[in-house]
Amino acid sequence: MSLRLSTVILPYRRWHEGGSAAWTRAEELGFHTAYTYDHLSWRSFRDGPWFGAIPTLTAAAARTERLRLGTLVTSPNFRHPVTLAKELISLDDISGGRITLGIGAGGTGFDATALGQEPWTPRERADRFAEFVALLDRLLTEDTVTYEGEFYSAGEARDIPGCVQRPRLPFAVAATGPRGLRLAARYGQAWVTTGDPKLYETGTPEQSYEALRGQLGRLSDACAAAGRDVSELNRVLLTGFTPDRGGPLESLDAFVDFAGRHQELGFTELVIHWPIPDSLFAAEEKVFERIAMEAPAQLG
């Protein structure tokens, strides 16, 4: 499989003050997918502008024709499967079937307490995630769902006519632990990782590479246990959170080297952040655009 190159566009600019331009430019540059974060706020952007993922993707769908669109990632922190399913079906319809749902267990950031709740323990996040994914799968594939679970309920929830993409829009499951990998193997059309977060500050690129090799191996084992071949899943690396940090975006050659090594590991899609000045994702725009236009052909 040829390596797909995608981007993630953070929703920090007003739509009519530059927010829309990146999405149309992403299509012009030939990116496979343009994702956005599905958070209520995020890290250093908390005290500045930050817009909702679903409305942003809806607007982007209206401004583009071929570009796939998606979230990296949606989580149970402030979402409910019943209302989320209705929004996703609507978005899939508006886009003409171009939506991918990146989905994860969520963390302990600002989203974890924005609704006034105490942060969930790792065990509760994992429990909620498993129920969330399973119920969302049903809601997106069945016309009517009634369900009573430990964390979520649905009472004759109707989702007609369903997704444009059949049997439903694809899930890209973000996971590195055993339970999450089992969910990816059972429900995912793609799997997402950012690498090993413990290596970000003090690890080396070589250590990160080996950690990713281990994650891919465990994903393969989880797929085998579920009766699937790991090759059925698109394997996605969201870059910028490994010890390499922004180094791969310093030049076309640096990126091709980084991407080629990770393609050899087994990744089928790399996601790079749209440049944001004076941030973790600062990069030269001309270099970024050259990577978008020239790297895929070099990687094959």
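**Aromatic pairs.** I searched the whole structure, which is a predicted model, and the search returned 11 aromatic pairs. I opened Trp191 and Phe267: their ring centres are 6.0 Å apart and the planes meet at 20°, under the 30 degrees cut-off, so I logged the pair as stacked. Trp191 belongs to strand β8 and Phe267 to the loop between α7 and β10, so to speak a link across distant parts of the chain, 76 residues apart. I checked burial too, and both Trp191 and Phe267 are buried.

Next I took Phe241 and Phe281. Their centres lie 6.1 Å apart with planes at 80°, so this pair is edge-to-face. Phe241 sits in the loop between β9 and α7, Phe281 in the loop between β10 and α8, so the pair ties together parts 40 residues apart in sequence. Phe241 has 13% relative accessibility and therefore counts as buried; Phe281, at 6%, counts as buried as well.

Which residues do ring pairs link into a cluster with Phe241 and Phe281? I noted Tyr12, Tyr37, Trp42, Phe45 and Trp50.

**Charges over rings.** I looked at two arginines. The charged end of Arg128 sits over the ring of Trp120, 4.0 Å from its centre. Arg261 lies over the face of Tyr209, with 4.2 Å to the ring centre.

**The barrel.** I traced the sheet next. Eight strands close into a barrel with parallel pairing, and I wrote the order down as β1-β2-β3-β4-β7-β8-β9-β10. On average, neighbouring strands of this sheet are turned by 25° against each other, direction ignored.

I zoomed in on β1 (residues 4–8) and β2 (residues 33–36), which run parallel and are joined by two bridges. Thr7 stands opposite Ala34 in β2. Helix α8 (residues 285–299) packs on the sheet, where it touches β1 and β10, and its direction makes about 160° with that of β1. Helix α6 (residues 205–225) lies across β8 and β9, running at about 150° to β8.

Where are the cis peptide bonds I looked up? One joins Ile160 and Pro161, with omega about 15°; another runs from Arg166 to Pro167, with omega near 5°. I placed Pro161 in the loop between β6 and β7, and Pro167 is found in the loop between β6 and β7 too.

Arg43 has a phi of about 45° and is located in the loop between β2 and α2. Glu156 has phi near 50°, and its place is in strand β6.

Definitions and conventions. Residues numbered from 1 in each chain as written. Predicted model: local features only at pLDDT ≥ 70, side-chain atom pairs only at ≥ 80, totals over all residues. Heavy atoms only, no water. Pairing = 2+ DSSP bridges. Helix = DSSP H or I, 4+ residues; strand = E, 2+ residues; numbered from the N terminus. Axes fitted to C-alpha atoms, helices over the stretch in contact; angles between N-to-C directions. Contact = heavy atoms within 4.5 Å. Phe/Tyr/Trp six-rings, centres within 6.5 Å; stacked < 30°, edge-to-face > 60°. Buried < 20%, exposed > 50% of the residue type's maximum accessible area, 1.4 Å probe, protein only. Lys NZ or Arg CZ within 6 Å of the ring centre and 35° of its normal.
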